Amino acid sequence: MRIKVLLILVMLVSSNAVVFGQKTLKTLTLSPTFSTIPGSPRVIRNSFKHLWLVTWRQGNPGKIIGRFVTSEGTSHGQKLLVSGVTAAEQNFDISYDSVNYTYLLAFENTKGLQVQFFNKDLVRQGSPNLIEADVSNTNPRLAYDPSGKKFLIFWLSTQDGAARRVLKNRVLDSAGKPTSESRVLATATPGKTFTNLNISANQKNGNLMALVLETTSSSASLLGYLVKPDATLLRPAPLKFQPSTAGLSSMADASFTDSGSGLALWSDNSALKYRKISANGNFASGTKTIPGAADANSQQTNILLDSRNGQFIGVWTRANQVQAAAFNLATGALLKQPFQVAASLLTNSRNATASYDPQTGNVLAVWEDSTAPVSETNNTNTKFRVRAALFFASGAPSQTSVSVGDNFFSPKEVAVSTGTTVKWVWNGNNSHTVTSGSPGSNAGAIFDSPVQNKGATFEFRFMESGTFPYFCRVHGIAQSGTITVTSGNEAPPRY
């Protein structure tokens, strides 16, 4: 008698009692080893081609390099995007047009702050457009507004000869050409400057949050300026995430749900801090802390919306590790304590950033390995390397079981969504395999188990949609089955 199998799909629930699973699926080295100047990598999701684009700065004089990474974690060849960029760290950014499937790169050179437009294949289109002349150390950040079909660029600019005194922005069209004059959003308090700018977009209302440090030589406070889609301030007074603190050097990040509420994440030297934001742009909770979860290498944090598993995922570096944690969407509470995603191949990890694939629920974390901690990276002997890791973290990952009986699979045909793991369980008395494809096919098998006997198991996680026939190498077409994998529409990218 064929054994009937119960198909179990374990779904994430918003509860601290959920048993979490996490797994690093693959690690990649994306750049050769380079020295002297950090690469400050960036990563964005291309929803049209289902690829990630990773960019970083390399060399002196500097070049911006780009590299595509597939959903399965396979990297394409490197592409030179622009050359002659300045040596300042965090001196570039890249954004993706989710309507036209194109890219815009912001960078600094001897002329000042510029943007370069690229088509969907990452081929340069035309000449750069000048945003502001004769500025440096601008820390530019880009965002794309899919409703208005325009880009917005934010940067730190000079006032009265003093660098980083003002926070500016400017509206650009879908090809990166300015359509407005530069606007001063905020001016630093006398005696202080702005540093560590980052931009987060609220997909519900199109508002943006500019997170920035207001610093002196010894301390800094973390501020959040709310900006409307038309690039004007929602209100002049910023949110004060952290008051002036000695040694604070965090590049904070925020992410938002479809309902408009969000969570901000930042490092305070030895502790990781987070705070919930309401849909109207106010604080919805006090600051919460994970003691001992951070160090000097944790100054750049990243947080994103895991829409598939209903949680926020935070990513950062600490010592020689890349770490992550999960947070409740509704309450902002910590769901999953910090866990290791990857470890450095050198001695330190820094400048973590991440992007999310809503089809599979996977995260691509990108960071720099370094031979020195953040405090020593200006040393000319310091070496860097850009690396990446593909991982997921969820309440018991979605799984479907199939029975391997004597000369049959039950059920023979299974339909699952992307990101689901199919587990085959050997219940018959004879030997069998689970092998993708069809008997006699010359194509390489996507999955192939050993010849196994009763009690054995075999698992494969399907990350791409499609129809996947499979069979038993012992019994051929007489013992075959099909896995059909479907995916929903990919959500808008997180900027």
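Guide: On a 1 Å grid over the protein atoms alone, a cavity is a set of points where a 1.4 Å probe fits but cannot get out, and lining residues have an atom within 4 Å of a point. The model is predicted: local features need pLDDT of at least 70, side-chain atom pairs count only at pLDDT 80 or more, and totals for chains, interfaces and linings use all residues. Residues are numbered from 1 along each chain as its sequence is written, and side-chain values use heavy atoms, with hydrogens and water left out.

Visitor: Which residues line the second largest cavity?

Guide: A volume is the space filled by probe spheres set on the grid points, which are joined across faces, edges and corners. The second largest cavity has about 50 Å³. Its lining consists of L248, S249, S250, S267, D268, N269, D295, A296 and Q299.

Visitor: What is the volume of the largest pocket?

Guide: A pocket is an open set of points with protein on both sides within 12 Å along at least five of seven lines. The largest pocket has 15 lining residues, and E89, R164, T195, N196 and Q299 are those nearest its centre. Its volume is about 330 Å³.

Visitor: Is S261 buried or exposed?

Guide: Contact means heavy atoms within 4.5 Å. Leaving aside residues up to four places away in sequence, S261 touches S255, F256, K276, I277, S278 and A279. Buried means under 20% relative accessible area, exposed over 50%, and partly exposed in between (1.4 Å probe, protein chains only). S261 has 12% relative accessibility, so it counts as buried.
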